[in-house]
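Subject: Handover of a structure and summary of findings

Dear colleague,

Please find below the structure that I am passing on to you. My findings follow it, arranged by topic.

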Amino acid sequence: MSRLWPRALGGLLSLVTLLVVAAPFGVSWYLDDLRRHVSGQHDTPVTRVDPADLRRFTETAGRLPARAAPVVVAYHDIRPHGDDPAATEPTGREHYVVTPEAFDAQLTALRTAGYRTISSAQYVDYLRGGTVPPRSVYLTFDDGTRGLWSYADPILRRHDMVAASYLITGQVGTHRPYYLSWAEIDRMRRSGRWDFQAHTHDLHTRVQTAPGRLGSPLTHRRWEPATGARESLAGYRQRLTADFDAMFAAFTAHELPRPRLFAYPFSEIGDATTDPEAAAFSRDLIAARFVAALTNKSLAPQPSSRRSAVDGQVERTEVYARTTAAELVSAVVERTAVPAVLPDPFARPWDWRDQHGEPMTELSPLTAGHFPADSPRRAYGTLLAYASADWTGYTVDATLRGLRADGGTVTLLVGVNGDATVSVRVTHGRVALLRAGRVVAEAALDPAATYRVTVTVRDGEVVARVDGGPDLRVVTPTGPGATGGLAVAVDDAEGRPHPSVAALAVTATG
(Lines give C-alpha, C1' and ligand atoms only; values in the text may rest on other atoms or scores of the structure.)
Protein backbone atom coordinates (compact mmCIF):
# COMPACT_ATOMS: atom_id res chain seq x y z
CA MET A 1 0.00 0.00 0.00
CA SER A 2 2.85 2.32 0.92
CA ARG A 3 4.35 1.80 -2.55
CA LEU A 4 1.21 3.17 -4.22
CA TRP A 5 1.34 6.58 -2.52
CA PRO A 6 4.47 7.84 -4.32
CA ARG A 7 2.99 6.79 -7.64
CA ALA A 8 -0.38 8.49 -6.89
CA LEU A 9 1.34 11.61 -5.68
CA GLY A 10 3.50 11.70 -8.81
CA GLY A 11 0.48 11.33 -11.01
CA LEU A 12 -1.32 14.11 -9.16
CA LEU A 13 1.66 16.42 -9.49
CA SER A 14 1.84 15.67 -13.22
CA LEU A 15 -1.83 16.48 -13.63
CA VAL A 16 -1.44 19.75 -11.73
CA THR A 17 1.57 20.65 -13.86
CA LEU A 18 -0.39 19.89 -17.04
CA LEU A 19 -3.27 22.05 -15.88
CA VAL A 20 -0.97 24.94 -15.00
CA VAL A 21 0.74 24.74 -18.37
CA ALA A 22 -2.51 24.29 -20.32
CA ALA A 23 -4.57 26.93 -18.47
CA PRO A 24 -3.28 29.94 -20.42
CA PHE A 25 -3.96 28.14 -23.67
CA GLY A 26 -7.49 27.22 -22.49
CA VAL A 27 -8.25 30.75 -21.39
CA SER A 28 -6.88 32.10 -24.67
CA TRP A 29 -9.03 29.68 -26.66
CA TYR A 30 -12.10 30.60 -24.60
CA LEU A 31 -11.57 34.32 -25.04
CA ASP A 32 -10.95 33.90 -28.76
CA ASP A 33 -14.12 31.82 -29.12
CA LEU A 34 -16.02 34.44 -27.11
CA ARG A 35 -14.72 37.22 -29.38
CA ARG A 36 -15.85 35.30 -32.43
CA HIS A 37 -19.36 34.86 -31.04
CA VAL A 38 -19.85 38.01 -28.98
CA SER A 39 -18.92 41.34 -30.54
CA GLY A 40 -17.93 44.31 -28.43
CA GLN A 41 -20.46 46.95 -27.48
CA HIS A 42 -19.96 50.64 -28.24
CA ASP A 43 -21.16 53.50 -26.05
CA THR A 44 -21.80 56.32 -28.49
CA PRO A 45 -21.90 59.93 -27.25
CA VAL A 46 -25.25 61.46 -26.39
CA THR A 47 -26.66 63.24 -29.45
CA ARG A 48 -27.63 66.86 -28.89
CA VAL A 49 -31.11 67.68 -30.13
CA ASP A 50 -32.03 71.31 -30.81
CA PRO A 51 -34.02 72.62 -27.81
CA ALA A 52 -36.46 74.32 -30.21
CA ASP A 53 -37.18 70.93 -31.78
CA LEU A 54 -37.68 69.38 -28.36
CA ARG A 55 -40.22 72.07 -27.47
CA ARG A 56 -41.98 71.44 -30.79
CA PHE A 57 -42.12 67.69 -30.11
CA THR A 58 -43.70 68.34 -26.73
CA GLU A 59 -46.26 70.77 -28.17
CA THR A 60 -47.14 68.45 -31.08
CA ALA A 61 -47.71 65.43 -28.89
CA GLY A 62 -49.51 67.57 -26.33
CA ARG A 63 -52.46 67.78 -28.71
CA LEU A 64 -52.83 64.01 -28.68
CA PRO A 65 -54.80 61.87 -26.22
CA ALA A 66 -52.84 60.36 -23.37
CA ARG A 67 -54.15 56.87 -24.11
CA ALA A 68 -54.17 55.50 -27.63
CA ALA A 69 -53.30 52.40 -29.61
CA PRO A 70 -49.53 51.78 -29.62
CA VAL A 71 -47.67 52.82 -32.76
CA VAL A 72 -45.37 50.19 -34.30
CA VAL A 73 -42.00 51.40 -35.63
CA ALA A 74 -39.79 49.35 -37.97
CA TYR A 75 -35.98 49.52 -37.97
CA HIS A 76 -33.40 47.25 -39.53
CA ASP A 77 -29.78 47.90 -38.58
CA ILE A 78 -28.05 50.38 -36.23
CA ARG A 79 -24.37 51.10 -36.86
CA PRO A 80 -22.07 53.83 -38.19
CA HIS A 81 -22.24 54.13 -41.94
CA GLY A 82 -18.48 53.66 -42.14
CA ASP A 83 -18.65 50.44 -40.15
CA ASP A 84 -18.89 47.96 -43.00
CA PRO A 85 -18.95 44.51 -41.37
CA ALA A 86 -16.16 42.94 -43.40
CA ALA A 87 -18.15 43.24 -46.62
CA THR A 88 -20.51 40.51 -45.38
CA GLU A 89 -23.57 42.72 -45.53
CA PRO A 90 -26.13 41.70 -48.16
CA THR A 91 -26.20 44.32 -50.90
CA GLY A 92 -28.98 46.85 -51.37
CA ARG A 93 -29.68 47.47 -47.68
CA GLU A 94 -27.57 50.57 -47.04
CA HIS A 95 -30.58 52.90 -46.92
CA TYR A 96 -31.97 50.88 -44.00
CA VAL A 97 -28.89 51.50 -41.81
CA VAL A 98 -29.51 54.12 -39.11
CA THR A 99 -26.48 55.58 -37.37
CA PRO A 100 -26.20 55.34 -33.57
CA GLU A 101 -26.28 59.13 -33.37
CA ALA A 102 -29.53 59.30 -35.35
CA PHE A 103 -31.05 56.47 -33.30
CA ASP A 104 -30.14 58.23 -30.06
CA ALA A 105 -31.72 61.47 -31.32
CA GLN A 106 -34.88 59.63 -32.39
CA LEU A 107 -35.32 58.02 -28.97
CA THR A 108 -34.69 61.38 -27.31
CA ALA A 109 -37.39 62.93 -29.50
CA LEU A 110 -39.91 60.16 -28.77
CA ARG A 111 -39.27 60.37 -25.04
CA THR A 112 -39.59 64.17 -25.12
CA ALA A 113 -42.91 63.83 -26.95
CA GLY A 114 -44.14 61.65 -24.11
CA TYR A 115 -43.89 58.24 -25.78
CA ARG A 116 -42.69 55.14 -23.96
CA THR A 117 -41.80 51.71 -25.33
CA ILE A 118 -43.57 48.40 -24.79
CA SER A 119 -42.56 44.77 -25.20
CA SER A 120 -44.02 42.22 -27.58
CA ALA A 121 -45.94 40.65 -24.69
CA GLN A 122 -47.57 44.00 -23.91
CA TYR A 123 -48.40 44.53 -27.57
CA VAL A 124 -49.98 41.09 -27.87
CA ASP A 125 -52.00 41.81 -24.74
CA TYR A 126 -53.25 45.05 -26.36
CA LEU A 127 -54.30 43.20 -29.52
CA ARG A 128 -56.28 40.80 -27.37
CA GLY A 129 -58.18 43.58 -25.65
CA GLY A 130 -55.79 44.64 -22.89
CA THR A 131 -54.43 48.08 -22.10
CA VAL A 132 -51.01 49.59 -22.65
CA PRO A 133 -49.16 52.45 -20.97
CA PRO A 134 -50.17 55.94 -22.12
CA ARG A 135 -48.80 57.04 -25.50
CA SER A 136 -46.68 53.96 -26.24
CA VAL A 137 -44.56 52.81 -29.17
CA TYR A 138 -43.46 49.29 -30.06
CA LEU A 139 -39.94 49.31 -31.53
CA THR A 140 -39.22 46.42 -33.91
CA PHE A 141 -36.00 45.49 -35.74
CA ASP A 142 -36.11 43.13 -38.72
CA ASP A 143 -33.50 40.53 -39.71
CA GLY A 144 -31.45 40.24 -36.49
CA THR A 145 -28.30 42.20 -37.35
CA ARG A 146 -25.21 42.43 -35.14
CA GLY A 147 -25.65 46.21 -34.86
CA LEU A 148 -28.54 45.65 -32.45
CA TRP A 149 -26.15 44.19 -29.87
CA SER A 150 -23.14 46.37 -30.59
CA TYR A 151 -24.81 49.77 -30.98
CA ALA A 152 -28.57 49.76 -30.35
CA ASP A 153 -28.52 47.94 -27.01
CA PRO A 154 -26.39 50.52 -25.14
CA ILE A 155 -28.62 53.31 -26.47
CA LEU A 156 -31.76 51.49 -25.34
CA ARG A 157 -30.15 51.10 -21.91
CA ARG A 158 -29.40 54.84 -21.82
CA HIS A 159 -33.05 55.68 -22.52
CA ASP A 160 -34.49 52.87 -20.38
CA MET A 161 -36.41 51.51 -23.38
CA VAL A 162 -37.19 48.05 -24.76
CA ALA A 163 -37.44 46.61 -28.28
CA ALA A 164 -38.08 43.41 -30.27
CA SER A 165 -35.78 41.74 -32.78
CA TYR A 166 -37.46 39.73 -35.57
CA LEU A 167 -35.03 36.91 -36.34
CA ILE A 168 -34.30 35.02 -39.53
CA THR A 169 -33.33 32.01 -37.47
CA GLY A 170 -31.50 30.26 -40.31
CA GLN A 171 -29.16 33.25 -40.64
CA VAL A 172 -28.25 33.60 -36.96
CA GLY A 173 -24.49 33.21 -36.59
CA THR A 174 -23.85 33.33 -40.37
CA HIS A 175 -22.12 36.03 -42.41
CA ARG A 176 -20.40 37.17 -39.23
CA PRO A 177 -20.23 39.84 -38.14
CA TYR A 178 -23.34 40.97 -40.06
CA TYR A 179 -25.95 38.82 -38.28
CA LEU A 180 -26.30 38.29 -34.55
CA SER A 181 -24.91 35.15 -32.96
CA TRP A 182 -26.92 33.02 -30.56
CA ALA A 183 -24.52 34.06 -27.78
CA GLU A 184 -25.31 37.73 -28.42
CA ILE A 185 -29.03 36.96 -28.56
CA ASP A 186 -28.76 35.23 -25.19
CA ARG A 187 -27.10 38.28 -23.65
CA MET A 188 -29.75 40.55 -25.17
CA ARG A 189 -32.52 38.36 -23.77
CA ARG A 190 -30.99 38.35 -20.28
CA SER A 191 -30.74 42.15 -20.31
CA GLY A 192 -34.53 42.41 -20.22
CA ARG A 193 -34.42 45.04 -22.97
CA TRP A 194 -35.10 42.66 -25.86
CA ASP A 195 -37.51 39.97 -26.87
CA PHE A 196 -37.43 37.98 -30.10
CA GLN A 197 -40.07 37.32 -32.73
CA ALA A 198 -40.39 35.60 -36.11
CA HIS A 199 -39.12 36.60 -39.57
CA THR A 200 -39.02 33.03 -41.06
CA HIS A 201 -36.22 30.47 -40.80
CA ASP A 202 -34.76 30.78 -44.29
CA LEU A 203 -37.31 32.52 -46.53
CA HIS A 204 -35.93 36.06 -46.43
CA THR A 205 -34.73 35.96 -50.00
CA ARG A 206 -35.88 36.43 -53.58
CA VAL A 207 -36.59 33.52 -55.90
CA GLN A 208 -37.91 33.14 -59.40
CA THR A 209 -41.71 32.93 -59.21
CA ALA A 210 -42.39 33.13 -62.97
CA PRO A 211 -40.21 33.59 -66.05
CA GLY A 212 -38.44 36.93 -65.58
CA ARG A 213 -40.11 37.64 -62.22
CA LEU A 214 -38.74 37.50 -58.69
CA GLY A 215 -40.73 37.34 -55.48
CA SER A 216 -40.87 36.07 -51.93
CA PRO A 217 -40.71 32.28 -51.49
CA LEU A 218 -42.99 32.77 -48.49
CA THR A 219 -45.95 34.02 -50.51
CA HIS A 220 -45.23 32.50 -53.95
CA ARG A 221 -44.55 29.10 -55.38
CA ARG A 222 -41.09 28.75 -56.89
CA TRP A 223 -40.66 28.58 -60.64
CA GLU A 224 -38.82 25.43 -61.73
CA PRO A 225 -36.88 26.20 -64.94
CA ALA A 226 -36.11 22.51 -65.43
CA THR A 227 -39.79 21.63 -65.69
CA GLY A 228 -41.06 24.96 -67.00
CA ALA A 229 -43.70 25.09 -64.25
CA ARG A 230 -44.26 26.26 -60.71
CA GLU A 231 -43.76 23.89 -57.82
CA SER A 232 -46.85 21.97 -56.85
CA LEU A 233 -49.22 23.42 -54.29
CA ALA A 234 -48.55 20.40 -52.07
CA GLY A 235 -44.80 20.96 -52.35
CA TYR A 236 -45.23 24.64 -51.55
CA ARG A 237 -47.31 23.90 -48.47
CA GLN A 238 -44.80 21.33 -47.26
CA ARG A 239 -41.91 23.77 -47.80
CA LEU A 240 -43.58 26.58 -45.82
CA THR A 241 -44.63 24.30 -43.00
CA ALA A 242 -41.11 22.89 -42.73
CA ASP A 243 -39.60 26.37 -42.60
CA PHE A 244 -41.93 27.46 -39.80
CA ASP A 245 -41.28 24.23 -37.90
CA ALA A 246 -37.52 24.82 -38.18
CA MET A 247 -37.95 28.39 -36.97
CA PHE A 248 -39.95 27.36 -33.90
CA ALA A 249 -37.44 24.58 -33.20
CA ALA A 250 -34.57 27.11 -33.24
CA PHE A 251 -36.37 29.27 -30.68
CA THR A 252 -36.91 26.24 -28.46
CA ALA A 253 -33.34 24.97 -28.84
CA HIS A 254 -31.95 28.32 -27.67
CA GLU A 255 -34.41 28.67 -24.79
CA LEU A 256 -36.31 31.59 -26.28
CA PRO A 257 -40.08 31.92 -25.72
CA ARG A 258 -42.18 30.87 -28.68
CA PRO A 259 -42.68 33.88 -30.99
CA ARG A 260 -46.22 35.24 -31.12
CA LEU A 261 -45.77 37.92 -33.79
CA PHE A 262 -44.58 37.60 -37.38
CA ALA A 263 -43.02 40.13 -39.78
CA TYR A 264 -43.35 39.52 -43.52
CA PRO A 265 -40.01 39.46 -45.38
CA PHE A 266 -39.89 42.45 -47.74
CA SER A 267 -43.43 43.23 -46.49
CA GLU A 268 -44.79 40.92 -49.21
CA ILE A 269 -48.15 39.76 -47.88
CA GLY A 270 -48.96 37.76 -50.99
CA ASP A 271 -50.06 38.43 -54.54
CA ALA A 272 -53.58 37.07 -54.87
CA THR A 273 -53.57 37.88 -58.58
CA THR A 274 -50.59 35.82 -59.72
CA ASP A 275 -50.73 33.04 -57.13
CA PRO A 276 -53.99 33.09 -55.16
CA GLU A 277 -53.60 29.59 -53.71
CA ALA A 278 -50.16 30.39 -52.29
CA ALA A 279 -51.30 33.75 -50.95
CA ALA A 280 -54.27 32.17 -49.19
CA PHE A 281 -52.23 29.34 -47.67
CA SER A 282 -49.47 31.61 -46.35
CA ARG A 283 -51.99 33.94 -44.72
CA ASP A 284 -53.88 31.04 -43.16
CA LEU A 285 -50.67 29.46 -41.87
CA ILE A 286 -49.51 32.73 -40.30
CA ALA A 287 -52.94 33.42 -38.81
CA ALA A 288 -52.99 29.95 -37.25
CA ARG A 289 -49.55 30.28 -35.65
CA PHE A 290 -49.33 33.93 -34.67
CA VAL A 291 -51.43 36.57 -32.96
CA ALA A 292 -50.71 39.12 -35.70
CA ALA A 293 -48.45 39.81 -38.67
CA LEU A 294 -46.57 43.03 -39.39
CA THR A 295 -45.82 44.70 -42.71
CA ASN A 296 -44.34 48.03 -43.80
CA LYS A 297 -46.56 48.34 -46.86
CA SER A 298 -50.27 47.69 -47.31
CA LEU A 299 -52.84 48.53 -49.95
CA ALA A 300 -54.80 50.62 -47.44
CA PRO A 301 -53.68 52.19 -44.15
CA GLN A 302 -53.53 49.40 -41.57
CA PRO A 303 -52.13 51.08 -38.45
CA SER A 304 -51.81 49.51 -35.05
CA SER A 305 -55.48 48.87 -34.35
CA ARG A 306 -57.69 45.95 -33.50
CA ARG A 307 -59.29 46.31 -36.93
CA SER A 308 -55.91 45.73 -38.54
CA ALA A 309 -55.19 42.75 -36.33
CA VAL A 310 -58.49 41.19 -37.44
CA ASP A 311 -57.39 41.72 -41.04
CA GLY A 312 -54.21 39.77 -40.31
CA GLN A 313 -51.69 42.58 -40.72
CA VAL A 314 -50.47 45.69 -38.95
CA GLU A 315 -48.66 48.43 -40.87
CA ARG A 316 -45.53 49.86 -39.26
CA THR A 317 -43.88 53.23 -39.77
CA GLU A 318 -40.50 52.49 -41.30
CA VAL A 319 -37.27 54.29 -40.40
CA TYR A 320 -34.59 54.80 -43.04
CA ALA A 321 -31.00 56.04 -43.02
CA ARG A 322 -32.10 59.62 -43.72
CA THR A 323 -35.11 59.72 -41.38
CA THR A 324 -34.68 62.63 -38.97
CA ALA A 325 -35.91 62.74 -35.41
CA ALA A 326 -38.56 65.30 -36.41
CA GLU A 327 -39.75 63.09 -39.29
CA LEU A 328 -40.07 60.07 -37.02
CA VAL A 329 -42.07 62.01 -34.42
CA SER A 330 -44.34 63.35 -37.18
CA ALA A 331 -44.90 59.83 -38.53
CA VAL A 332 -45.65 58.44 -35.07
CA VAL A 333 -48.03 61.32 -34.31
CA GLU A 334 -49.80 60.67 -37.62
CA ARG A 335 -50.39 57.09 -36.54
CA THR A 336 -51.50 57.88 -33.00
CA ALA A 337 -55.24 57.29 -32.69
CA VAL A 338 -57.39 60.32 -31.91
CA PRO A 339 -61.09 60.53 -30.95
CA ALA A 340 -63.72 61.46 -33.51
CA VAL A 341 -64.02 65.09 -32.39
CA LEU A 342 -62.91 67.58 -35.06
CA PRO A 343 -64.72 70.94 -35.29
CA ASP A 344 -62.79 71.98 -38.42
CA PRO A 345 -61.07 69.09 -40.21
CA PHE A 346 -60.00 71.37 -43.08
CA ALA A 347 -57.88 73.52 -40.74
CA ARG A 348 -54.88 71.18 -41.12
CA PRO A 349 -54.11 70.08 -44.70
CA TRP A 350 -51.45 67.65 -43.43
CA ASP A 351 -54.23 65.60 -41.80
CA TRP A 352 -55.43 64.59 -45.29
CA ARG A 353 -54.09 62.07 -47.79
CA ASP A 354 -54.90 61.86 -51.48
CA GLN A 355 -56.01 58.84 -53.52
CA HIS A 356 -52.39 57.65 -53.72
CA GLY A 357 -51.91 57.79 -49.97
CA GLU A 358 -49.67 60.85 -50.18
CA PRO A 359 -50.07 63.86 -47.85
CA MET A 360 -52.18 66.64 -49.35
CA THR A 361 -50.69 70.13 -49.43
CA GLU A 362 -53.67 71.80 -51.11
CA LEU A 363 -57.31 71.28 -50.13
CA SER A 364 -58.93 73.79 -52.49
CA PRO A 365 -60.18 71.07 -54.91
CA LEU A 366 -62.25 69.75 -51.97
CA THR A 367 -63.16 73.02 -50.27
CA ALA A 368 -63.33 75.65 -53.02
CA GLY A 369 -63.86 73.81 -56.30
CA HIS A 370 -60.47 74.89 -57.65
CA PHE A 371 -59.23 72.06 -59.85
CA PRO A 372 -55.71 72.35 -61.32
CA ALA A 373 -55.54 72.79 -65.08
CA ASP A 374 -54.23 69.26 -65.59
CA SER A 375 -56.67 67.71 -63.10
CA PRO A 376 -59.02 64.88 -64.16
CA ARG A 377 -61.70 66.96 -62.38
CA ARG A 378 -61.81 64.57 -59.50
CA ALA A 379 -60.49 65.19 -56.01
CA TYR A 380 -60.24 62.69 -53.17
CA GLY A 381 -58.99 63.05 -49.62
CA THR A 382 -58.93 60.77 -46.58
CA LEU A 383 -58.99 62.44 -43.18
CA LEU A 384 -56.55 61.04 -40.60
CA ALA A 385 -56.15 57.81 -42.53
CA TYR A 386 -54.23 56.10 -39.70
CA ALA A 387 -55.49 57.91 -36.61
CA SER A 388 -59.16 57.15 -37.35
CA ALA A 389 -58.77 53.38 -37.78
CA ASP A 390 -60.84 52.49 -34.72
CA TRP A 391 -63.50 55.17 -35.09
CA THR A 392 -67.09 54.15 -34.47
CA GLY A 393 -69.94 56.15 -33.00
CA TYR A 394 -69.50 59.49 -34.74
CA THR A 395 -71.47 62.03 -36.77
CA VAL A 396 -70.34 63.96 -39.83
CA ASP A 397 -71.97 67.32 -40.61
CA ALA A 398 -71.20 68.77 -44.04
CA THR A 399 -72.41 71.66 -46.14
CA LEU A 400 -72.14 70.94 -49.86
CA ARG A 401 -72.31 73.64 -52.52
CA GLY A 402 -71.96 74.14 -56.28
CA LEU A 403 -74.08 71.15 -57.29
CA ARG A 404 -75.71 71.69 -60.69
CA ALA A 405 -78.42 70.03 -62.71
CA ASP A 406 -75.95 69.34 -65.53
CA GLY A 407 -73.46 67.47 -63.38
CA GLY A 408 -71.26 67.35 -60.31
CA THR A 409 -71.16 64.95 -57.34
CA VAL A 410 -69.92 65.13 -53.75
CA THR A 411 -69.49 61.88 -51.85
CA LEU A 412 -68.88 61.43 -48.12
CA LEU A 413 -67.36 58.05 -47.28
CA VAL A 414 -67.58 56.79 -43.68
CA GLY A 415 -66.05 53.71 -42.07
CA VAL A 416 -63.17 54.16 -44.52
CA ASN A 417 -60.70 51.25 -44.94
CA GLY A 418 -62.83 48.97 -42.76
CA ASP A 419 -65.42 46.29 -43.50
CA ALA A 420 -68.33 48.73 -43.13
CA THR A 421 -67.48 51.51 -45.58
CA VAL A 422 -70.58 53.39 -46.77
CA SER A 423 -70.64 56.10 -49.46
CA VAL A 424 -73.20 58.91 -49.22
CA ARG A 425 -73.37 60.29 -52.78
CA VAL A 426 -75.15 63.61 -53.31
CA THR A 427 -76.01 65.13 -56.67
CA HIS A 428 -78.35 67.94 -57.72
CA GLY A 429 -81.73 66.57 -56.60
CA ARG A 430 -80.71 63.13 -55.35
CA VAL A 431 -78.93 61.26 -52.52
CA ALA A 432 -77.86 57.62 -52.55
CA LEU A 433 -76.19 55.28 -50.05
CA LEU A 434 -73.79 52.72 -51.51
CA ARG A 435 -72.13 49.62 -50.06
CA ALA A 436 -69.45 47.85 -52.10
CA GLY A 437 -70.34 50.01 -55.10
CA ARG A 438 -74.03 49.05 -55.01
CA VAL A 439 -76.87 51.45 -54.24
CA VAL A 440 -78.68 50.21 -51.11
CA ALA A 441 -80.89 53.26 -50.40
CA GLU A 442 -81.73 56.48 -52.23
CA ALA A 443 -84.13 59.39 -52.23
CA ALA A 444 -85.07 62.44 -54.30
CA LEU A 445 -84.14 65.92 -53.01
CA ASP A 446 -85.50 69.33 -53.73
CA PRO A 447 -83.25 70.63 -56.51
CA ALA A 448 -80.70 72.99 -54.97
CA ALA A 449 -77.09 74.09 -55.33
CA THR A 450 -76.43 73.72 -51.58
CA TYR A 451 -77.28 70.90 -49.19
CA ARG A 452 -76.70 70.20 -45.50
CA VAL A 453 -75.78 66.54 -44.99
CA THR A 454 -75.62 64.67 -41.67
CA VAL A 455 -74.21 61.14 -41.51
CA THR A 456 -74.26 59.19 -38.25
CA VAL A 457 -72.10 56.09 -37.90
CA ARG A 458 -72.89 53.48 -35.28
CA ASP A 459 -71.68 49.93 -34.76
CA GLY A 460 -73.89 48.09 -37.23
CA GLU A 461 -75.66 51.02 -38.87
CA VAL A 462 -75.17 54.19 -40.93
CA VAL A 463 -77.91 56.84 -41.09
CA ALA A 464 -77.83 59.76 -43.54
CA ARG A 465 -80.10 62.79 -43.70
CA VAL A 466 -80.11 65.72 -46.15
CA ASP A 467 -81.62 69.10 -45.22
CA GLY A 468 -83.65 67.61 -42.39
CA GLY A 469 -85.39 65.17 -44.73
CA PRO A 470 -86.15 61.50 -44.08
CA ASP A 471 -83.45 59.18 -42.76
CA LEU A 472 -81.74 56.79 -45.14
CA ARG A 473 -80.40 53.75 -43.28
CA VAL A 474 -78.11 50.89 -44.12
CA VAL A 475 -77.14 47.95 -41.91
CA THR A 476 -73.37 47.40 -41.67
CA PRO A 477 -71.13 44.72 -40.15
CA THR A 478 -70.21 44.96 -36.48
CA GLY A 479 -67.06 44.30 -34.52
CA PRO A 480 -63.42 45.46 -34.63
CA GLY A 481 -63.13 44.96 -38.39
CA ALA A 482 -65.96 47.39 -39.11
CA THR A 483 -64.42 50.61 -37.85
CA GLY A 484 -62.91 53.48 -39.80
CA GLY A 485 -62.86 57.18 -40.55
CA LEU A 486 -63.93 59.69 -43.18
CA ALA A 487 -63.07 60.52 -46.79
CA VAL A 488 -64.41 63.12 -49.23
CA ALA A 489 -64.63 62.81 -53.02
CA VAL A 490 -65.62 65.53 -55.50
CA ASP A 491 -66.38 64.72 -59.16
CA ASP A 492 -67.29 67.16 -61.91
CA ALA A 493 -67.60 67.51 -65.66
CA GLU A 494 -66.88 70.70 -67.60
CA GLY A 495 -69.43 72.94 -65.95
CA ARG A 496 -68.96 75.69 -63.38
CA PRO A 497 -69.13 76.30 -60.50
CA HIS A 498 -67.41 73.12 -59.38
CA PRO A 499 -69.00 71.39 -56.40
CA SER A 500 -67.16 71.51 -53.08
CA VAL A 501 -67.53 71.06 -49.33
CA ALA A 502 -68.08 74.47 -47.73
CA ALA A 503 -68.03 73.24 -44.11
CA LEU A 504 -67.24 70.00 -42.34
CA ALA A 505 -67.28 68.83 -38.72
CA VAL A 506 -66.98 65.50 -36.90
CA THR A 507 -68.47 64.88 -33.45
CA ALA A 508 -68.56 61.78 -31.28
CA THR A 509 -71.93 60.16 -30.61
CA GLY A 510 -72.97 57.68 -27.99
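Which helices and strands each supply at least two residues of the lining of the largest pocket? They are helix H2 (51–62), helix H10 (325–334), strand S16 (352–353) and strand S17 (378–383). Please bear in mind throughout that this is a predicted model.

**The largest pocket**

The largest pocket holds about 1,200 Å³ of space. Its lining is made up of 46 residues, and those nearest the centre are Glu334, Trp350, Asp351, Arg353 and Leu384. Helix H10 gives the most to this lining, with five residues. Sorted by class, the lining of the largest pocket comprises 23 nonpolar, 10 polar and 13 charged residues.

**Cavities**

Rolling a probe the size of a water molecule over the atoms shows where empty space is left. In this structure there are two cavities of 30 Å³ or more. The largest cavity contains about 60 Å³ of space. It is lined by 15 residues, of which Gly415, Ala420, Val457, Arg458 and Ala482 are the closest to its centre. Strand S19 (409–416) and strand S23 are the elements that give two or more residues to this lining. By class, the lining of the largest cavity has eight nonpolar, five polar and two charged residues.

The second largest cavity has a volume of about 40 Å³. Its lining consists of Ala69, Pro303, Ser304, Ser305, Arg335, Ala337, Tyr386, Ala387, Ala389 and Asp390. Six of these residues are nonpolar, two are polar and two are charged.

**The antiparallel sheet**

Five strands form an open sheet with antiparallel pairing, in the order S25-S24-S23-S18-S27. Strand S25 (472–475) and strand S27 (500–508) are at the edges and have a single partner strand each, so one side of each is left without a neighbour in the sheet. On average, neighbouring strands of this sheet are turned by 15° against each other, direction ignored.

Strand S23 (residues 451–458) pairs with strand S24 (residues 461–466) in the antiparallel sense, over six bridges. Within this pairing, Thr456 has Val463 of S24 as its bridge partner, and Val455 stands opposite Ala464 in S24. The hairpin of S23 and S24 has two residues between the strands, and Gly460 takes a positive phi near 105° in it.

On its other pairing, S24 is joined to S25 by four bridges, and the two strands run antiparallel. Here the bridge partner of Val463 is Arg473 in S25.

Strand S1 (residues 71–75) is mostly covered, with five of its five residues buried. In a regular strand the side chains alternate between the two faces of the sheet. In S1 both faces are covered: Val71, Val73 and Tyr75 are buried on one side, and Val72 and Ala74 are buried on the other.

S1 pairs in the parallel sense with strand S5 (residues 136–143), over five bridges. It also pairs in the parallel sense with strand S15 (residues 317–318), over two bridges. Val73 takes part in both pairings: its bridge partner in S5 is Leu139, and its bridge partner in S15 is Thr317.

**Two loop residues**

Asn296 lies in the loop between strand S13 (292–295) and helix H9 (306–311). Is Asn296 buried or exposed? Asn296 has a relative accessible area of 10%, which is under the 20% cut-off, so it counts as buried. Its side chain is joined to that of Arg316 by a polar contact of 2.8 Å.

Pro359 is found in the loop between S16 and helix H11 (364–367). With a relative accessible area of 47%, Pro359 is partly exposed.

Yours sincerely

How values were computed. Residues are numbered from 1 along each chain as its sequence is written. This is a predicted model: local features need pLDDT of at least 70, side-chain atom pairs count only at pLDDT 80 or more; totals for chains, interfaces and linings use all residues. Side-chain values use heavy atoms; hydrogens and water are left out. Two strands pair if DSSP finds at least two bridges between them. Axes are lines fitted to C-alpha atoms, for helices over the stretch in contact, and angles run from 0 to 180 degrees between N-to-C directions. On a 1 Å grid over the protein atoms alone, a cavity is a set of points where a 1.4 Å probe fits but cannot get out, and a pocket is an open set with protein on both sides within 12 Å along at least five of seven lines; lining residues have an atom within 4 Å of a point. Grid points are joined across faces, edges and corners, and a volume is the space filled by probe spheres set on the points. Ala, Val, Leu, Ile, Met, Phe, Trp, Tyr, Cys and Pro count as nonpolar, Asp, Glu, Lys and Arg as charged, and the others, Gly among them, as polar. Buried means under 20% relative accessible area, exposed over 50%, partly exposed in between (1.4 Å probe, protein chains only). A polar contact is a pair of N or O atoms within 3.5 Å; within protein, one must be able to donate a hydrogen and the other to accept it, and residues adjacent in sequence count only if both atoms are side-chain atoms.
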